[in-house]
Amino acid sequence: MEMAWWQRGIVYQVYPRSFQDTNGDGVGDLRGIAERLDYLVSLGVDAVWLSPIYPSPMADFGYDVADYCGIDPIFGTMADFDALVARAHGLGLKLILDFVPNHTSDQHPWFLDSSASRTSPHRDWYLWRDPAPDGGPPNNWLSNFGGLGWTLDERTGQYYYHSFLPQQPDLNWRNPAVRAAMADALRFWLNRGVDGFRVDVMWMMIKDDQFRDNPPNPDYTPGGSSHDRLIPLYTADRPEVHDVVAGLRRVLDEYPDRVMIGELYLPIDRLVTYYGPNLDGAQLPFNFQLLLSAWNAATIAAIIETYEAALPAGGWPNWVLGNHDRPRIASRIGAAQARVAAMLLLTLRGTPTIFYGEEIGMEDVPIPPAEVQDPAEKREPGRGLGRDPERTPMLWDGSSGHGFSTGTPWLRFGAQATDAARQAADPTSMLALYRELIALRRGSPALLHGRVAHVVADGDVLSYERHSDTQRLAIFLNLGETPRSIYTSAGKIILSTQGRGETLAGETTLGGSEAIVVEIRASDQP
Ligand code: GLC
Ligand code: CA
């Protein structure tokens with residue numbers, strides 16, 4: 001099967017602030033990322049996705065962009081960026097940038113002009129509305145970070161809409177000038193050799209043109225995000241968004257071999273519409289089912305089957321365990337099960353994305369209130385919405401700055417006694433498991449492109465097979481702590497989370513939290 005690099009490959013997400021600092025200011029930078037590319041090569045990944053590196057006031061740590069065609073000085077210079085692209089490409093790695101099209105920073109020149117007067121050339125680049133008759137906001141739309149989604153601009157007497165912070169005004173994607181300007185921003189980076197984009201909050205890019213009120217959410221339980229009080233019927237997943245997505249895709253398709261990944265928190269039936277009616281949407285609409293689901297065999301089996309069945313013909317799957325917005329997998333399910341999760345991620349069909357630190361089992365780091373950085377936590381404290389815990393610096397080695405920085409890190413290190421250097425020397429470590437799994441996957445036709453068959457949940461044991469024309473693998477994962485007996489066709493364990501490798505025929509015992517890959521003997525293959 002002819003595969004594109006983004007189908008065959010593995011994506012690794014770097015949160016630039018937290019990966020590698022080279023100048024002692026406690027914040028990771030582009031030179032740091034370039035220095036650590038060898039590590040990523042030795043891990044075996046194929047592409048690096050960088051969270052935003054553009055000039056930004058950092059109200060939302062770079063997801064508030066003040067210039068789509070620059071580099072924030074905290075991360076380095078354009079020369080550093082070009083050097084990073086060259087180094088990555090020299091090592092055979094692809095580089096993917098984060099593109100943040102839904103909103104800009106309120107310090108972006110477009111918004112400064114837009115808010116200067118009602119007749120400014122950029123006025124219609126954002127979503128401005130008159131106050132309601134009582135002077136209040138134009139409708140009931142909320143911010144994803146708590147509170148109202150509308151902020152009154154005293155100077156011009158109108159409200160502007162922001163899906164996130166007031167410092168992140170939403171762009172008006174119905175305006176062709178916005179589309180043209182953003183297409184140019186994409187080309188700016190494509191011309192510099194960037195291999196693709198992860199598109200931020202893809203499903204929110206267009207809002208209802210009649211600005212209708214969102215309906216109340218009958219399932220809302222107080223205590224969580226106040227945004228959940230309403231169903232975002234008119235502010236997200238609007239039909240017109242697909243036209244915008246297709247427009248972005250057309251820009252990428254002006255260049256050979258580029259990929260568009262979409263951030264999409266949607267149920268499976270809605271998610272798959274983002275492949276586009278003619279596969280002219282995102283090539284990889286992020287599948288966050290494993291990031292959100294309960295950790296049990298029945299639920300995960302159902303996810304695998306529902307997702308596989310929902311994919312459009314020719315739509316390529318993908319899987320994710322963690323990112324910079326959600327608790328880390330090792331903290332959600334524990335260290336032993338995180339190994340099982342690694343096996344799941346790397347043996348399912350489709351492109352896996354690894355969040356930095358996942359490969360060493362990094363855990364969330366509790367951040368004391370006085371040290372909180374994340375605006376989501378600051379706006380609605382104590383509700384568990386903060387994202388700092390999963391954004392703490394990478395643990396490279398056992399030195400005082402953990403090999404991350406010689407200065408004071410922007411977020412504290414965890415107390416976790418582990419690091420990449422220590423794990424590299426330990427064949428039983430999580431890092432060793434990731435390397436083995438990735439190496440296995442790279443050389444296995446069944447894992448790379450074989451179909452998924454016989455997905456079964458039997459108590460705590462989840463099992464499935466991967467079949468190519470030449471190879472048949474059976475994968476068994478024990479999502480519980482109790483040993484279970486399983487039955488397999490004759491074959492050999494070629495990888496186990498617990499390091500065993502023996503020949504099997506019929507019944508065997510799967511240890512608690514053990515996962516194995518069995519290669520079925522050729523004579524037993526169909
Ligand atoms: C996405 C990003 C998140 C950011 C938000 C607003 O969800 O992943 O980090 O805060 O969009 O841009
Ligand atoms: Ca730095």
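Modeller: What follows starts at the metal site and then moves on to a helix and a hairpin.

This is a predicted model, where local features need pLDDT of at least 70 and side-chain atom pairs pLDDT 80 or more, while totals for chains, interfaces and linings use all residues. Residues count from 1 along each chain as its sequence is written, chains are lettered from A and ligands numbered from 1 in the order written, and side-chain values use heavy atoms, without hydrogens or water.

The calcium ion (ligand 2) is held by D21 (OD), N23 (OD1), D25 (OD), V27 (O) and D29 (OD), at 2.3 to 2.4 Å. Donors are N, O and S atoms within 2.8 Å of a metal, or 3.2 Å for Na, K and Ca; water is not among the atoms, so a site may look incomplete. Along the chain the spacing reads D-x1-N-x1-D-x1-V-x1-D.

D21 is buried, at 6% relative accessible area. D25 is partly exposed, at 32%. Buried means under 20%, exposed over 50%, partly exposed in between (1.4 Å probe, protein chains only).

Next, helix α12, residues 335-347. Helices are DSSP runs of H or I, at least four residues; strands are runs of E, at least two; both are numbered from the N terminus. Of the 13 residues of α12, 11 are buried, so the rest of the structure largely encloses this helix. Among them are R339, M343 and T347.

Last, the hairpin. β5 and β6 have four residues between them, and G157 in the turn has a positive phi of about 70°. L152 stands opposite Y159 in β6.

Definitions and conventions: Pairing = 2+ DSSP bridges. Expected span 1.5 Å × (residues − 1).
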